[in-house]
Amino acid sequence: MDHAALIVERIESVRRERGISVAELARRASIDKKRLWYILHGERALRSDELVRLSVVLNLGMQHYLTRDQAKELCVHRQQIRQEYGDVAAIAALLRRNDP
């Protein structure tokens with residue numbers, strides 16, 4: 001399964017768990033209900049603005065769409081960045097200092 005299909009599958013799973021109809025989810029997210037139905041059935045691609053709106057409506061963070069391997073890889077990458085550059089406050093201060 002590709003990552004785009006995984007994202008749609010997770011949205012559909014949460015929708016069903018919460019007992020929200022496709023029509024109601026479409027209304028809340030300001031997406032045409034026919035378009036959302038096609039998206040959820042793999043017949044249309046999910047646009048980034050639709051992903052954001054659906055995530056807000058369903059109260060899902062971006063971590064919800066990561067596979068375990070992706071989450072582990074991201075965690076390792078964050079640790080490497082912290083080791084190389086220090087904490088977030090130090091990075092922000094460095095960026096502000098270099099801002100024209």
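Helices (H or I, at least four residues) and strands (E, at least two) are taken here as DSSP runs, numbered from the N terminus. The structure is a predicted model, in which local features need pLDDT of at least 70 and side-chain atom pairs count only at pLDDT 80 or more, whereas totals for chains, interfaces and linings use all residues. Residues are numbered from 1 along each chain as its sequence is written, and side-chain values use heavy atoms, with hydrogens and water left out.

On this basis the protein chain contains 6 helices and 0 strands, and its elements follow one another from the N terminus in the order α-α-α-α-α-α. The C-alpha trace spans about 50 × 30 × 25 Å along its principal axes. Of the 100 residues, 23% are buried, where buried means under 20% relative accessible area, exposed over 50%, and partly exposed in between (1.4 Å probe, protein chains only). When contacts (heavy atoms within 4.5 Å) between residues at least 6 apart in sequence are considered, 51% of them join residues at least 24 apart.

A search of the whole structure finds 8 salt bridges, each defined as a side-chain nitrogen of Lys or Arg within 4 Å of a carboxyl oxygen of Asp or Glu. Arg35, Arg47, Asp49, Glu50 and Arg53 are linked by such bridges in a network. Within helix 4, Asp49 and Arg53 are 4 residues apart and therefore separated by about one helical turn, and their side chains meet in a salt bridge with an N to O distance of 2.5 Å. Asp49 is partly exposed at 33% relative accessibility, as is Arg53 at 26%. Glu50 forms a salt bridge with Arg47, for which the closest N and O atoms are 3.4 Å apart; here Glu50 is buried, with a relative accessible area of 1%, while Arg47 is partly exposed at 41%.

A further salt bridge joins Glu24 to Arg27, with the closest N and O atoms 2.6 Å apart. Both residues belong to helix 2 (residues 22–29), where they are 3 residues apart, about one turn of the helix. Glu24 is partly exposed, at 22% relative accessible area, whereas Arg27 is exposed at 56%.

Pockets were identified on a 1 Å grid over the protein atoms alone, a pocket being an open set of points, where a 1.4 Å probe fits, with protein on both sides within 12 Å along at least five of seven lines. The largest pocket has a volume of about 170 Å³, a volume being the space filled by probe spheres set on the points, which are joined across faces, edges and corners. Its lining, made up of residues with an atom within 4 Å of a point, comprises 13 residues, of which Ala4, Ala5, Val8, Ala45 and Leu46 lie nearest the centre of the pocket. The elements giving two or more residues to this lining are helix 1 (3–17) and helix 4 (48–58), and helix 1 gives the most, with 4 residues. By class, the lining has 8 nonpolar residues (from Ala, Val, Leu, Ile, Met, Phe, Trp, Tyr, Cys and Pro), 3 charged residues (from Asp, Glu, Lys and Arg) and 2 polar residues (from the others, Gly among them).
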